[in-house]
Amino acid sequence: MRAILWVVAAAGALAAGYGFAQSGADVLKAKGCMGCHDTDKKKVGPAFKDVAAKYKGNKGAAGALVAKLKDGKGHAKIAASDAELKAAVGAVLSTK
Ligand code: HEC
């Protein structure tokens, strides 16, 4: 049982190391978002908690925010894949 758990953990670590199955939180760190944002404090940009509150219940928010980051319109342009941006924005919008 223990060996199986170890294998699962090692595979997870490898996947993270090679950039597969990155969680939104990983992307936020890897892409430097946290240099300008914090979860619950305003830094250069607004706290992610406040962003989540602002867009609560807004179904189009995720797509609009991904586009904003991707094209650099009204936000610093972020060099990341669509999948990474979607994961990052998903994590931002679920910040509590
Ligand atoms: C160079 C600093 C900087 C970096 C790096 C940065 N941001 Fe921002 N961000 C800002 C500023 C300033 C604002 C406020 C202006 C605005 O609303 O666009 C902002 C606003 C936002 C908003 C709210 C936009 C809105 O329309 O309400 C989101 C979501 C966001 N950032 C996500 C991210 C994500 C995700 C990353 C990393 C991929 C990131 N930011 C990286 C500075 C930054």
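**Entry 1: the ligand shell**

I looked up the residues around the ligand and found 19, of which Cys-33, Cys-36, His-37, Gly-74 and His-75 come nearest; a residue is near the ligand if one of its heavy atoms lies within 4 Å of it. The model is a predicted one, in which local features need pLDDT of at least 70 and side-chain atom pairs count only at pLDDT 80 or more, while totals for chains, interfaces and linings use all residues. Residues are numbered from 1 along each chain as its sequence is written, and side-chain values use heavy atoms, with hydrogens and water left out.

Helices H3 (33-36), H4 (48-54) and H5 (61-71) each supply at least two residues of the shell; helices are DSSP runs of H or I with at least four residues, numbered from the N terminus.

**Entry 2: polar atoms at the ligand**

I then examined N and O atoms of side chains beside the ligand. Lys-54 places one at 2.8 Å from a ligand oxygen. Tyr-55 has a polar side-chain atom 2.7 Å from an oxygen atom of the ligand.

**Entry 3: the largest pocket**

Where does the ligand sit? I found it in the largest pocket, by the criterion that more than half of its atoms lie within 2 Å of the pocket's grid points. A pocket is an open set of points on a 1 Å grid over the protein atoms alone, where a 1.4 Å probe fits, with protein on both sides within 12 Å along at least five of seven lines. Its volume is about 490 Å³.

I noted 25 lining residues, with His-37, Pro-46, Phe-48, Leu-69 and His-75 nearest the centre; a lining residue has an atom within 4 Å of a point. The lining has 17 nonpolar, 5 polar and 3 charged residues. H6 gives the most to it, with 4 residues.

**Entry 4: salt bridges**

How many salt bridges does the structure hold? I recorded 4, each a side-chain nitrogen of Lys or Arg within 4 Å of a carboxyl oxygen of Asp or Glu. Asp-82 pairs with Lys-70, their closest N and O atoms being 3.0 Å apart. This pair links distant parts of the chain, Asp-82 in helix H6 and Lys-70 in helix H5, 12 residues apart. Asp-38 forms another with Lys-41, at 3.3 Å.

Notes. A polar contact is a pair of N or O atoms within 3.5 Å; within protein, one must be able to donate a hydrogen and the other to accept it, and residues adjacent in sequence count only if both atoms are side-chain atoms. Grid points are joined across faces, edges and corners, and a volume is the space filled by probe spheres set on the points. Ala, Val, Leu, Ile, Met, Phe, Trp, Tyr, Cys and Pro count as nonpolar, Asp, Glu, Lys and Arg as charged, and the others, Gly among them, as polar.
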